[in-house]
Amino acid sequence: HPPPPTSTMTGAPFSPGRGRVHTLLICASSSAFLSGNGHAAFVPSSLAAGRGTFANARHPASGRGRDVAASPLGMVSASIPAEPEQVNTTPPPTSPLPPQTFAGQIERALVSKFGGEEPIRRVLDSWRYLEMGYEHRQFVGPEQDPPAMDPSASECHQHSPSYVPDLTCRQYWDTSDFDWCGRLADAYPRIKDEFSRVTSDADALSRKGNNIWAGALTDDASGYGTGWRTLVLMDRGRWDPVNVALFPEAARAVRDCGIPATEAFFASMKPGSDIKLHSDFTNFVLTSHLPLDVPENGNNKCRLTIGDETRQWLEGKVMLFDTSIMHSAVNESEDRTRYILMFRLWHPDLTAAEREALQFIYDALELPELVSDDPGARFLAEQRVELSRRFPEPEGGDDESGGGAKKGEFKVEGLE
């Protein structure tokens with residue numbers, strides 16, 4: 001059986017049995033580094049040198065006690081250098097990776113899958129940058145509206161070791177440009193009603209759900225903020241059947257709105273807490289929030305700052321922004337937690353082939369058999385990937401009750 005959607009990606013060094021060990025570190029997204037679900041980016045081993053934030057950390061969700069390798073985004077606080085480098089870098093020229101390495105095997109599989117390098121040139125460059133240890137840094141103030149021209153007086157700095165070239169870098173995106181944003185806003189009343197109902201019984205939610213309101217994996221999370229927790233619906237394109245059963249209205253809205261999401265999860269932020277200035281290290285996904293429950297809604301108590309622009313969360317108002325730019329957040333209310341439905345989604349400048357290529361890398365990091373020389377092993381891995389992406393449906397038809405589901409009630413056909 002494939003691993004459950006909330007299982008961790010392989011974070012430890014991987015050796016394909018020949019050539020040097022290629023360290024595969026998964027830069028985690030907010031849901032990932034908090035709950036143990038790896039995802040958002042690919043990080044070279046050079047970034048982990050000397051950074052032991054998650055060395056020997058145990059994965060809380062799997063129950064298997066798997067060691068998690070030290071990853072700079074195993075906790076986002078690791079992306080906040082003591083003395084931030086505010087410099088521009090230039091991507092280096094790239095060349096094919098050694099075919100005997102695991103990274104080279106993935107590259108070879110990508111070229112074969114897409115009939116050559118040209119359709120996915122930017123993705124191949126991104127993959128090769130990692131092997132070279134390249135970290136992209138750029139002052140993106142001049143690209144904003146209004147522009148910021150002084151790097152020393154601006155926070156519009158992009159830090160993106162997982163970097164696809166030539167993607168638009170914008171603090172906030174206009175949600176009116178994306179039809180799915182309007183559909184998601186229309187679904188807000190239903191999503192909030194279900195969320196309020198299901199979360200009103202915390203004990204039942206904890207018993208029935210999977211890794212509910214997961215916190216950071218270690219005590220080293222203070223740099224990001226200990227008040228931030230998540231409840232995952234989808235991770236790396238794989239739905240969590242248990243939590244989808246608890247929140248079917250929200251899950252179906254995510255599916256039916258047409259959001260190009262790679263992750264979907266609820267996120268909470270405790271009163272009187274903040275998230276320090278940091279980057280999420282990845283420029284090929286954007287982040288979106290649907291605020292569900294905002295303390296003192298409209299009174300500017302709960303705010304998100306991307307670069308130089310600060311906006312308050314407003315209930316039902318969709319936000320879309322780029323977290324490869326330095327950003328921070330705060331909940332200044334005294335006694336109420338802020339709740340949002342949050343997404344990671346493919347950058348709109350990516351082509352369909354590039355999205356598919358990036359997803360293939362995610363899948364190969366999870367299932368190395370996808371690049372095996374054994375056709376049978378590859379076929380079985382491909383079947384596991386296909387089945388794991390199906391939307392979980394309730395046994396016996398749609399369940400509209402919300403919160404009444406039990407673990408295992410939703411299933412993915414073919415995975416039982």
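Of the 416 residues in this chain, 56% count as buried, where buried means under 20% relative accessible area, exposed means over 50%, and partly exposed is in between, with a 1.4 Å probe and protein chains only. Please keep in mind that this is a predicted model: local features need pLDDT of at least 70, side-chain atom pairs count only at pLDDT 80 or more, and totals for chains, interfaces and linings use all residues. Residues are numbered from 1 along each chain as its sequence is written, and side-chain values use heavy atoms, with hydrogens and water left out.

The secondary structure comes to ten helices and 18 strands; these are DSSP runs numbered from the N terminus, helices being H or I with at least four residues and strands E with at least two. As for contacts, meaning heavy atoms within 4.5 Å, residues 24 or more positions apart account for 73% of those in the chain with a separation of 6 or more.

Now, the core. A nonpolar core here is a set of buried Ala, Val, Leu, Ile, Met, Phe, Trp, Tyr and Cys residues joined through side-chain atoms within 4.5 Å. The largest one has 38 residues, and those with the most contacts inside it include Trp 180, Ile 191 and Phe 266. Among the elements giving it two or more residues are helix H5 (179–199), helix H8 (248–256) and strand S16 (338–346). Which element gives the most to this core? That is H5, with eight residues. If you click on Ile 191, look beyond its neighbours within four places in sequence: its contacts are Leu 184, Glu 249, Ala 250, Ala 253, Leu 290, Leu 292 and Leu 341. There is also a second, separate core of 30 residues, which includes Leu 97 and Val 164.

Staying with H5 for a moment, Arg 197 lies in that helix and counts as partly exposed, at 41% relative accessibility. Its C-alpha atom is separated by 9.9 Å from that of Phe 247, 50 residues apart along the chain.

Next, the sheet. Six strands form an open sheet in the order S8-S7-S9-S16-S11-S14, with antiparallel pairing; two strands pair if DSSP finds at least two bridges between them. Strands S8 (238–239) and S14 (319–321) stand at the edges with a single partner strand each, so one side of each has no neighbour in the sheet. S11 and S16 run antiparallel and are joined by eight bridges; Pro 291, for instance, has Ile 340 in S16 as its bridge partner. H5 lies across S9, S11, S14 and S16, at about 40° to S11.

What about strand S15, residues 327–331? Five of its five residues are buried, so S15 is largely enclosed by the rest of the structure. Its partners run antiparallel to it: strand S10 (residues 273–278) is joined to S15 by four bridges, and strand S12 (residues 302–306) by five. Asp 274 stands opposite Val 330, and Thr 305 stands opposite Ser 328.

Last, a helix pair. The axes of H3 (residues 102–113) and H4 (residues 121–132) come within 11 Å and cross at roughly 175°; axes are lines fitted to C-alpha atoms, for helices over the stretch in contact, and angles run from 0 to 180 degrees between N-to-C directions. H3 and H4 are therefore roughly antiparallel, the word for angles over 145 degrees. Ile 106 and Leu 110 are among the H3 residues that meet H4, where Leu 124 and Trp 127 are among those in the contact.

Conventions: Angles under 35 degrees count as roughly parallel, over 145 as roughly antiparallel, 65 to 115 as roughly perpendicular and the rest as oblique.
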